[in-house]
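Work through the exercises below with the sequence and the coordinates at hand. Each task is followed by a solution in steps.

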Amino acid sequence: MRQKLRVAAYAVVVRDGRILLARSPAPGGGHEWVLPGGGMDHGEDPLDTVVRELDEETGYRVEVTGLLGLDSFRHVFRREGLQGPVDHHGLRIVYEGRVVGGELRNEVNGSTDLAAWHDLDAVSGLTRVRLVDIALKLWRERPVNGRVFVPEER
């Protein structure tokens, strides 16, 4: 079985009781809200990754103000065809950031199509990926070990 490791960096950016999120196509159609950020390029520092990805997805320049924690997950994708199944391991580094420049805009020809601020109280009503909940829990609780548990929805 083929093994794949993906390391990515994301930022929780909260201002005036609102969180910055990006919208991405959802599997099976529709859209879901995601934390701005994404995969590291080979040789890239994760801090540089999150700054680059936030600019690409939202138009904002951000300053990283802290490391909130990590999320690690593993999933086997049972692919048909020549390559067969893939044992995927994702490591997501979650930072806290603040906007220091730029203007809100949508990404063009990227993995997201809309960037927007959402009231923190309204996040639970959004169609969102699990990482949004993990990141908000890290932001609220600030655990010493940088890890939180958020049950998967079924």
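**Exercise 1. Pairing of strand 1**

How many bridges join strand 1 to strand 6, and in which sense do the two run?

Solution. Start with the conventions. The model is predicted: local features need pLDDT of at least 70, side-chain atom pairs count only at pLDDT 80 or more, and totals for chains, interfaces and linings use all residues. Residues are numbered from 1 along each chain as its sequence is written, and side-chain values use heavy atoms, with hydrogens and water left out.

Next, the terms. Helices (H or I, at least four residues) and strands (E, at least two) are DSSP runs numbered from the N terminus; two strands pair if DSSP finds at least two bridges between them.

Step 1. Strand 1 covers residues 2-15 and strand 6 covers residues 86-102; twelve bridges join them, and they run parallel. The residue opposite R2 in strand 6 is V86.

Step 2. Strand 1 is also joined to strand 4 (residues 37-39), by three bridges in the antiparallel sense. Here A8 has G39 as its bridge partner.

Step 3. Two bridges pair strand 1 with strand 2 (residues 18-25), again in the antiparallel sense. R15 is opposite R18 in strand 2.

**Exercise 2. Positive phi angles**

Which residue in the hairpin turn between strand 1 and strand 2 has a positive phi?

Step 1. The hairpin of strands 1 and 2 has two residues between the strands, and D16 in the turn has a positive phi of about 55 degrees. D16 is not a glycine. With a relative accessibility of 71%, D16 counts as exposed (buried is under 20% relative accessible area, exposed over 50%, partly exposed in between, with a 1.4 Å probe and protein chains only).

Step 2. N109, also not a glycine, has a positive phi of about 60 degrees. N109 sits in the loop between strand 6 and strand 7 and is exposed at 81% relative accessibility.

**Exercise 3. Salt bridges**

How many salt bridges does a search of the whole structure find?

Solution. A salt bridge is a side-chain nitrogen of Lys or Arg within 4 Å of a carboxyl oxygen of Asp or Glu.

Step 1. The search finds eleven salt bridges. One of them joins D113 to R23, with 2.9 Å between the closest N and O atoms. D113 lies in the loop between strand 6 and strand 7 (114-119) and R23 in strand 2, so this pair ties together parts that are 90 residues apart in sequence. D113 is partly exposed at 30% relative accessibility, and R23 is partly exposed at 24%.

Step 2. R52 and D41 form a salt bridge whose closest N and O atoms are 3.7 Å apart. Since R52 belongs to helix 1 (residues 46-58) and D41 to the loop between strand 4 and helix 1, the pair ties together parts that are eleven residues apart in sequence. R52 is partly exposed at 22%, as is D41 at 43%.

Step 3. R52 also forms a salt bridge with E53, at 3.1 Å between the closest N and O atoms. E53 counts as buried, at 9% relative accessibility. Through shared partners, D41, E44, R52, E53 and E56 are joined into one network of salt bridges.

**Exercise 4. Helix 2**

Solution. 

Step 1. The buried residues of helix 2 include L131, V132, I134, A135, L136, L138 and W139. An α-helix has 3.6 residues a turn, so residues three or four places apart point the same way.

Step 2. The cover over these buried residues includes strand 1, strand 2, strand 3 (31-34), strand 5 (60-77) and strand 6, where contact means heavy atoms within 4.5 Å.
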